[in-house]
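Colleague: I am new to this one. Please take me through the labels and what stands behind them.

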Amino acid sequence: MTARPEVGGTARACDGGIARAFAFLGKRWNGVLLATLANGPAGFAELTRALPGISESVLSDRLGELARVGLVSRTVREGPPLGVSYQLTERGAALVPALDALARWAHENLPVEPAGRPGC
């Protein structure tokens, strides 16, 4: 692979932080789950209904991943009936302004997905 020529005398480089952010938030459902939880705590069944097209196993995996990195907390509610609630942590809530800005940009600049395609 050859090196890219410099533009305007400055070599261009990938921003490692933005690459990590998009690798994580761009993973199917992660960003959408965080934006959904920005509206407040939700139970597993409520999240399943809010995100048409997500399987329960994928939802469980994504929630676990978001909890492991400290963006979502999981709270067990004593029953009966026993329940689990998920909500954004302070770190997760810090992403809400960026997610809101991305949503505004998408509404203004991207076409709406055709019917029958996964989405909200």
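Colleague: Why is Ser85 called buried?

Modeller: Buried means under 20% relative accessible area, exposed over 50%, and partly exposed in between, with a 1.4 Å probe and protein chains only. Ser85 has a relative accessible area of 14%, so Ser85 counts as buried. Bear in mind that this is a predicted model: local features need pLDDT of at least 70, side-chain atom pairs count only at pLDDT 80 or more, and totals for chains, interfaces and linings use all residues. Residues are numbered from 1 along each chain as its sequence is written, and side-chain values use heavy atoms, with hydrogens and water left out.

Colleague: Where is Ser85 found, and what is in contact with Ser85?

Modeller: Ser85 is found in strand β3. Helices (H or I, at least four residues) and strands (E, at least two) are DSSP runs, numbered from the N terminus. Contact means heavy atoms within 4.5 Å. Leaving aside neighbours within four places in sequence, Ser85 is in contact with Pro41, Ala42, Gly43, Ser73, Arg74, Thr75 and Arg77.

Colleague: What makes Leu95 partly exposed?

Modeller: Its relative accessible area is 22%, so Leu95 is partly exposed. Leu95 lies in the loop between α5 and α6. Not counting residues up to four places away in sequence, Leu95 touches Leu25, Leu34 and Leu71.

Colleague: Why is α2 called roughly perpendicular to α4?

Modeller: The axes of α2 and α4 come within 10 Å and cross at roughly 75 degrees. Angles under 35 degrees count as roughly parallel, over 145 as roughly antiparallel, 65 to 115 as roughly perpendicular and the rest as oblique. Therefore α2 is roughly perpendicular to α4. Axes are lines fitted to C-alpha atoms, for helices over the stretch in contact, and angles run from 0 to 180 degrees between N-to-C directions.

Colleague: Which residues of α2 and α4 meet?

Modeller: From α2 come Asn30, Leu33, Leu34 and Leu37; from α4 come Leu59, Arg62, Leu63, Glu65 and Leu66.

Colleague: What makes a set of residues a nonpolar core?

Modeller: A nonpolar core is a set of buried Ala, Val, Leu, Ile, Met, Phe, Trp, Tyr and Cys residues joined through side-chain atoms within 4.5 Å. The largest one here has 17 residues. Leu33, Leu34, Leu37, Leu47, Leu63 and Val72 have the most contacts inside it. Two or more residues come from each of α2 (30–37), α4 (56–68), β3 (83–88) and α6 (96–109).

Colleague: What is Leu63 in contact with?

Modeller: Neighbours within four places in sequence aside, Leu63 is in contact with Leu33, Leu37, Phe44, Leu47 and Tyr86.
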